[in-house]
Amino acid sequence: MKPAPFAYWRPETVDEACWALAEAGADAKVLAGGQSLLPMMNMRLARPGVVVDINALSTLEAISRPDASTLQTGALVRQRALERYAAADPALQLFRHALAYVGHPQTRNRGTVGGSIAHADPAAELPVLLTALGGRITLLSRQGTRVVSAEAFFQAPFVTAVETGELLTQVEWFLPPPGSAMVFREFARRRGDFALVAVAAVLRLDQDQRVTAMRLGLGGVDGVPRAVPAATSLVGLPLDSSIIADFAAEVARSLDPPADLHAPAEFRRELARVLVARVLEDARRQVGHVAGERGEG
Amino acid sequence: MTTTDGSNWIGRALPRAEDERLLRGAGRFIADLEPVPGIRHAAIVRSPYAHARIRSIDIDRAKHIPGVVGIVTGADVERELKPFPLAVPAPVDYYPLARDKVRYVGEPVAVVVADNRYVAEDACQEVTVEYEPLPVAAGIEAALAPGAPILHERAGSNIANHRTFTYGDYERALAAASHRITAQFRYSRYTPTPIETYGVIAHFEPGTGDYTVWANFHGPFTLHPVMAQALGVPGHKLRLVVPADVGGSFGAKSAVYPYVVLMALTARLLGCPVKWIEDRAEHMQSSSSATERLTDMVGGVTDDGRIVALGMVQYDDVGAYIRPPEPATLYRVHGNLTGAYDIRALRVENVAVLTNRVPTGLVRGYGGPQLYFALERFMDVVAHKLGLDPAAVRRRNLIAADRFPYRTVSGGVYDSGNYPAVLDEALALADYEGFRQEQAAQSSGAVRLGIGMACVVEPSASNMGYLSVTYTPEERQRVLPKSGAVAAANVMMDPLGGVTVRIDTAPEGQGHETVAQQIVADVLGVEPRSVRVVGEMDTHAVPWSVASGSYSSRFAVAGASAIYQAAHKVRQKLLRIAAGILHRPVDELTLREGRVWVGGADTGVSIRRLAGMAHWHPEGLPDGLEPGVFETAYFKLPGLPPPDGEDRVNSSAVYGFLVDVVKVAVDRETGRVEVLDYVSVHDAGRLLNPSLARGQILGGLVFGLSTALHEELVYDQDGQLLTGTFLDYGVPTAAEVPPIRLGYRVTPSPLTPLGAKGLGEGNTMSAGAALANAVSDALGIEVETLPLSPARVWTLARQASGRERSPVV
């Protein structure tokens, strides 16, 4: 498990990084936390000719809240750093809950938010969260800056809108208004595993328990994280257990999940039904409270 | 038994002597060693096919890569080595490198040696092997099917060994029983994944023809003659050194020995010392595995649940070669096949099946998990069929407390125990009756409660003769008999009175150094931390024999006894010297606090002075006493003869006992099994160090639970491993450890001087059955295989409910 030969570049500035990526072209891979890239290189499943290490680019380590409805995370923000940042902010409880599922504290100390988004594993937690909340991704290259919406970013398993020569520099997350319920649940074989199915939900109800807004993101059920379009169909309806059960069944029916060693497609679909229902029950109970809630699948 | 005149260190929870160096990062593992200059590094070209003929190997491009020293292939091995001697009569040639054919994915095909591992791996990719793929037999059924591809043409079939044993009046007992109950179970392949992988450093001295090999091999040292014979040298030409620090094995590293031979040959052919550190991908794919076991069971049972006849057909998938000591998985428990039960009629048919998968070998519990999963699940099947409580069925069949020593029908001799008392204690600790009431009152939601148990007779210190039953009694007439379970140790004192102990147990992290200190401290009346224990095994420096090593839970039983015996020899010598100085008879003298005492009085004569005298002043020694203090003991456990003419064999020296009771909550919608409470009560005789004992039990238990819930080596029908990384192979982390409560009873073994029994493997034998029983109880079905992954439990739950969908809670 030693990597094939490669060139190692460590730019000092974002400009230098863009220059390096332009120079190396399609043969380059960006190294941030290395939690996915390095094992793949060691197994010689990835053989980049040039590794562009962006760990010296300290300007990409910033986390900020420019306004109440936005969170910005630089590409190099460690998952653990965001988890800690979120712990201090009631509006970010969903981040804390979702990040607790990402690997283990040791891997979160290295793993980056930008790396997870750019890697685009269909079962990873952060892409599901981004899909549920909505947001946009900033891509920088020698040609300039491009901003891509979360919906357009994830294209296929491990394939994103990032083009040759581009560096993901920032992820912007849209935060729901205060009073929204936010729940993240996933079902994995063991703690820290990639999810078999993950569900993130953001929900608002009026005083009569009728849905005023809802966003739902699902992971592990498709090649990319899925936003559930049916989520809007609930708007205006009173959210009770029977509506939740029908809705969860409808969502599950609409899915065509992949099968693998650990979960036949039918099991995954069923897990999605169960998790969507449980997440919405959690969210319904939570409305009126600011704090998030998390549960085991 | 009191072992000392002074303080009793044995039995205390002394912290581990090993931990300071390990926690400081100062341990010295195989990868840290550079014992000779000029070491080069090996990487191995491995087969991508499970079954293929090798047409050609082209090493030309690879050997010209800068930094490459040389390449060894099957042709070299065929010319230079002999096949490994086997434990069965079948003609299945096994070499450490493939020759004409490859028979499993990952089988070594060539060794590339270079200045460093990076270059060696680069060069591996330039070795071109032309394969002609052959049909694959990737499991027991495929290998036994009519027209199945034959792995070893000379053997004529894929059955490497096949024996049937009948004990007692089996046919009549079965026919007379009012119920005949059958069941089939499958135990999946798994592997113990030690943190440290295999490692070998091989050095050949052309001037003398001596091989010295450093490897994290921990025995059994029956394999030393196997290695020497493959190399074609007398035993003393192969010096094997095992570092004091080995990063776990759980049995797996016993199978590093083919690489010991392979690297020794490579070092000789290429003219340089060679170091090979296996990487994780190699380890997962091609090191070793537990056997997959298919068991057909039939029981003759009375109306009240008494088993009067037991029949078992056991098929073991031993992989592509029958690598010694296999097929021992089938035989290590031969003397305790009837478990904790008084069953006097038994028929066992054992079939060792060759398949296109990695060869199998020792894994913690060795043979026990496979046996007890079937046997202890079968007890529950009997209970369910007869409408009885599983605890009641077990009570009815348990060997009574007044029956010890108890001779099983297959030849085992259970030395001591009180099985009903341990069962009662475990059920009480778990509040079995209370949980049954809770269960009866549970609502009909997605989550179902269940409780399960398992009773396990845990063997320790294997009889070196048990494997001879792979031969028929007639065939055995033609080979020399094997027996016993010997351990050896040496205790010496230097001219300044320092005590040094050498042990033959090749520890893999269990804490043998700590317990050796406790034993010697008690016998010689010194502080345990003042005793230097050399954990390193060296076949040129440590007394050893074929049974040496750490396996079959033999340290507390055999290794500790040898240390105790050697220390006693030193003690006797010191007392004789003291008797000469003090003009008192030896039997009036005791050793305490480093000095000689007469009755309650300190004589002021130190053992340092006594040892010093043996070195500095031999003229002053009593007549007939040799100078120096250097005592070696070879300890032989009693009662371990070769198999008899009826194929009865006492396969282990002593037998402990444990009962597990586990409570689970099973989510029928997600297949999640949550372990609510895990109770395990052990009777392992006297505990030499309760802290180490607890660690051993917890480690075994977590491993057992993990194979019950998460771990499985999954292959596709082409023999490709689908769980080759930790992404897919589910090793447990701390987060997977449930609440565990332990209990102890103490029935000392009458056969060992310290009264101890082994206890580190029992829960790997019990956990799978106990958990499967609990899940079966929760869902009202019969679990037949492990692991109980979410997908499998979800499928079982759906079958149980007979509905497409259950309600959301």
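Author: Two remarks come before the terms. This is a predicted model, in which local features need pLDDT of at least 70 and side-chain atom pairs count only at pLDDT 80 or more, while totals for chains, interfaces and linings use all residues. Residues are numbered from 1 along each chain as its sequence is written, chains are lettered from A and ligands numbered from 1 in the order in which they are written, and side-chain values use heavy atoms, with hydrogens and water left out.

Reader: Why is B:Ser552 called buried?

Author: Buried means under 20% relative accessible area, exposed over 50%, and partly exposed in between, with a 1.4 Å probe and protein chains only. B:Ser552 has 7% relative accessibility and therefore counts as buried, and B:Ser553, at 15%, counts as buried for that reason too. Phi of B:Ser552 is near 45°, a positive value in a residue other than glycine, and B:Ser553 has a positive phi of about 45° as well, although it is not a glycine. B:Ser552 is placed in the loop between strand 22 (537-538) and helix 17 (555-582) of chain B.

Reader: Why is helix 4 of chain B described as largely enclosed?

Author: Helices (H or I, at least four residues) and strands (E, at least two) are DSSP runs, numbered from the N terminus. Helix 4 spans residues 117-124 of chain B, and 7 of its 8 residues are buried, so it is largely enclosed by the rest of the structure. Among these buried residues are B:Arg117, B:Glu121 and B:Asp122, and what covers them includes strand 1 (40-46), strand 5 (108-114) and helix 9 (280-286) of chain B.

Reader: What makes a set of residues a nonpolar core?

Author: It is a set of buried Ala, Val, Leu, Ile, Met, Phe, Trp, Tyr and Cys residues joined through side-chain atoms within 4.5 Å. The largest such core has 184 residues, of which B:Met263, B:Val664 and B:Leu788 touch the most other members. Its largest share, 11 residues, comes from helix 11 (residues 368-386) of chain B. A second, separate core of 61 residues includes B:Phe555 and B:Ala633.

Reader: How many residues does each chain bring to the contact, and how much area do chain A and chain B bury between them?

Author: Contact means heavy atoms within 4.5 Å, and here it takes 29 residues from chain A and 35 residues from chain B. Buried area is the accessible area (1.4 Å probe) that two parts lose on being put together, summed over both. For chain A and chain B it comes to about 2,800 Å², with 56% of it on carbon and sulfur atoms. On the side of chain A, A:Met1, A:Arg189 and A:Arg190 lose the most area to chain B, together 22% of what that side buries.
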